[in-house]
Amino acid sequence: MGYPHPPHPKETVVLSQYFGDPEARTYEGWVKRGGYQALEQALAMDPARVIEVVKESGLRGRGGAGFPTGLKWSFMPKEKKRPHYLCCNADESEPGTFKDREIMRWTPHGLIEACAIAQHAIQAEVAYIYIRGEFTEPYRILAQALQEAYRRGVLGPNAMGSGRRLDIYLHRGAGAYICGEETALMNSIEGRRGNPRIRPPFPAASGLFGMPTTINNVETLAAVPHIIKRGAAWYKSLSLSSPKSTGTKLFSVCGQIRRPGNYELTMGFPLKELLYDLCGGPRPGRTLKACIPGGSSVPILDREEAESCLLDYEGCVAKGTMLGSGGVIVFDDSADMVYQIMRLARFYAHESCAQCTQCREGTAWTVRILQRILAGEGDFKDLDLLLDLAEQMTGKTICVLSDSCAAPVVSGIKKFRGEFEAYIKNGRPARAPARA
Amino acid sequence: MNQTYQPVFTGERKRELDEILKRYPTKRAALLPALWMVQRAHGWISDRAMAEVAEVLELTPAYVKGVVTFYTMYHQHPVGQHFIQVCTTTPCNLCGAERVVEAFLRHTGCGELGATSPDGKYTVIEVECLGACGFATPVLIGDDFIEGVTPEQVPELLRKYA
Amino acid sequence: MAETELVNLTIEGLPVSVPKGTLLIEAAKQAGVMIPHYCYHPGLPVAGVCRMCLVEIEKAPKLQIACATQVAEGMVVHVLSEKARSARQGVLEFLLINHPLDCPICDQAGECELQDFVFQEGRARTRYTPTYPKRFNPVEDFGGDILYVPNRCILCTRCVRFMDEVAQHPVLNVSERGDRAYIGIHPEQRLDHPWAGNVVDLCPVGSLLSKDFLHKARAWELDKTASICTGCSQGCNVNLDTRGDVVVRIRPRPNLEVNRYFMCDHGREQYRRMNRGDRIEAPLIERGSELAAVTWDHALAEAARVLKGATGEAVALVSPHASTEALFLLRRLLQRFSLTAAVRVERVPGEAPLPGVPGLALRSERAPNVMGATLLGYREAFEEAVEALPGAAVAVVLEDGLDGVPAQALAGVGHLIYLGTRLPEAARAARVVLPTTNVAEEDGTFVSRDRRIQRYFQAKPAPGMARPAWWVLGELLAALGQGGPFLSASEVFDWLSREEAVFGGLSYDRLGTQGVVLPEGRPAGVGA
């Protein structure tokens, strides 16, 4: 449901069923709503079987990359010789994305249950939920739910009476977007700078503390109890377009739109319907100019592309963009695309970890060029330079932060070149286009 | 530097840290939580405090400083009593976040970003994406996360943080 | 043991076979292809951050970094392809946008990898608009001998990794993020670890500088000569960097068996000894109560006469800084005497290990050839030697400073022959003083504490009339009809290898530039 809005009939409410329902936050409330049944069910299953079910469901990572979850779990060593770890990525920091926050705020026990099931599947005694430092409220809520879960014996030395130990710890970040990158997150838990690591080794071989590790996004994990309870076939049947994209997905809609919020949709739902029917379309008197469908790191769609885009992994790729994290950023006709793209680039320049040359220097240089254009001092050659730098920043670094900086620049120049040229030709407008 | 340093990890706080250490297989892993404890106790993380953390966790002060400077939420300098972080990244920017920042700067008397108001009460900074883009403009005041702040609401809001 | 599995691949069209697990960047070296790089260093853990070594591997979707990619069977690698070149050019342009280009005043100019690769493959002109600001941070004194010039830094993190992983003393860090990042230190810590100086060598640009070497010389004026460190008995391989007849610095020379790529700061300071001005520049003979300068012929004839006329007891007091060759010849020279042969070793309590390289430390014996002297029968028996002086027919001192040797003990010697680089007050009692060269002025060998015999090479001319001790002793042996003369240290060594079993079968050619470990066992032959 589109918290803070009432559910829309076109939504498929699974993860968001209890958003806005404070009672669901407590252990009792959660149990009353059928909570922890899936965990009980899973603990009675062979771990390999749990992985099978998740594989069959077609669940793919909701953090951005869309990697099949069951397959990822199956990379973990079958025989446990060393400690295994689960990391839950709750570092939600991708501009435009605010879905994990609601999952943690309203259904903390759902996330604990999900982690516990995943821990069972990958044979990890310990899970760390890495939550971004700015999420003060979700942190408090989760911390309280964890206390309850320990008190009620859901976690601890004899989890759910299974005779096995399950521990979940919260680890609070401290302001670094890059810690959402899986290996940077592991470094951050280990008490290091949040630098992404070179791969191989991959986390399933050597992850957190050098041990076999699986890392999943909050939303990905949150889907697991539902899959266990209602079956892989049910989950797989939730698909409106590509059979490779199954289940529901939370779309965080924000920017210049009437009803921003989280909307839970079956995979393959048309972006146009989401924007116009569920979110009420652009603000009064405005028209849609552009839309970023998957968080700030993915290429921008113009209006025509956006209105014909289907919201699943394949549908977004077909439009030259990506489903990413499902953060839908809406720009209406009042938006200054040059300024907003500069603002995005500035975000990445601020967040670059400083390891790779192209990212460290390229993100900052990109910002300077864009700022010069905005100041009316740009040159037509600057646009080619921006594209060339973007090429140098794509596919050449340890992680994709510099690719993410390049993506909106490239798609922005391609699709809104006129706005860039206007700044270059006419100088800085006496009254700059509205930025709000 | 003329004030005597008050160690953070004594008594109750030492016991709290010992509890935290049980969650991890290494001492180093308790670094972020330990730094949060320092910031809670002192309001910021001084070089001296970094050295204390280093000693407690068997790291070196330089190592700790490298980590502190990576994470923007750790204050390397004293800040106002109320630390105000306003999100101005693209989604919020599109919804007028920069005017919210201006309102905070004006009504707190901070004047400029990062500066502390003359009365020592406020420091205002622009922050990158707070992860509540659908509730523009989110503002973090201390540990209080406030959604949907408009420029008009700022004076009223500040009265709660007098 | 199973043979190492070999992997065959093609690099720039050249076939190469390397052991499984080899990094592509090392395999390329073996194929004679140098892949440009900054953060990679064979003595450090891989970081993979500079992205300079991106290469094209057929069938891989993206360029890969050669420093973190292991070779695979059938791999076809392109280093000079358009895609790979373009990526390197991109990295170079990015590295230069914040670089001050102050090469004319930079110590690294001429041996700077940024300069080299930009010259080789960089763009002719930057596209970074000159009105954009460059990152600026003031020069910082890191303590010890090291200055940090942050503006030149390319954040390769070699220095940080060296201190973290090799010195295991993490006093450096990367501070801040993005293009604001720099190499940082905590105000309560200094970069004064005994091995810290390596960060200056490791720095591929002029960002970490030695205060001692600051603005002393330009890299292109320097000649490099292979040598062995004289700072202790470890036997680190070094290069002496000379300008004219001055050694301006000492830097490590890689030897994977000894010091890998490193040397300690104490070793670096040894160049001062090599440049001392207070040298004996002419042979001297006792004339009345004075020493008077004479020709070599005159001095050698006098020394030979003294030796010929003496019988009975003799004392040899030597320094462990003397070459193996000189130590050997001195034993031969005094063969027919009842000899007390002593070496005086300075010991400083405690060692300073480099934890990341097992077996490597600044040793407490602060001289390079303690083992050589021991193998040739010199005992660490200074007191005994002093006691033997009164009544000895002859005493020959080789480079020992005679500190603490009582004047009356020396006065009781029949004849004192002094070979050395400098003239201590006590040596004025000598009948003959023969000026010798120091390690930078001669060829020779030292035997390290681990029994590795290693060559050092002459790096600069000797002052005045000073001659290598092996030459001097060879001339005396010849005058006495006991052997010699010798035209080179190599000839002396050949004789040594014939006479002393432990050195058997060796020659300068066999020793090469990396040395040979001597077998265990006591030497036979002279004095045994």
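**Figure 1. Where chain B meets chain A.** This contact takes 48 residues from chain A and 38 residues from chain B. Two residues are in contact if their C-beta atoms, placed from the backbone, lie within 7 Å. The model is predicted: local features need pLDDT of at least 70, side-chain atom pairs count only at pLDDT 80 or more, and totals for chains, interfaces and linings use all residues. Residues are numbered from 1 along each chain as its sequence is written, and chains are lettered from A and ligands numbered from 1 in the order in which they are written.

**Figure 2. The chain B side of that contact.** Two or more residues each come from α2 (31–42), α4 (61–68), α5 (90–94) and α6 (97–108) of chain B. Helices (H or I, at least four residues) and strands (E, at least two) are DSSP runs, numbered from the N terminus. The largest share, five residues, belongs to α2(B). By class, this side has 23 nonpolar, nine polar and six charged residues. Ala, Val, Leu, Ile, Met, Phe, Trp, Tyr, Cys and Pro count as nonpolar; Asp, Glu, Lys and Arg count as charged; the others, Gly among them, count as polar.

**Figure 3. Where chain A meets chain C.** Here 24 residues of chain A touch 24 residues of chain C. On the chain A side, α14 (337–351), α15 (357–374) and α16 (380–392) give two or more residues. α15(A) gives the most, with nine residues. The chain A side has nine nonpolar, 10 polar and five charged residues.

**Figure 4. Chain C on its own.** Chain C has 15 helices and 25 strands. Its C-alpha atoms fill a box of roughly 85 × 55 × 40 Å, taken along the principal axes.
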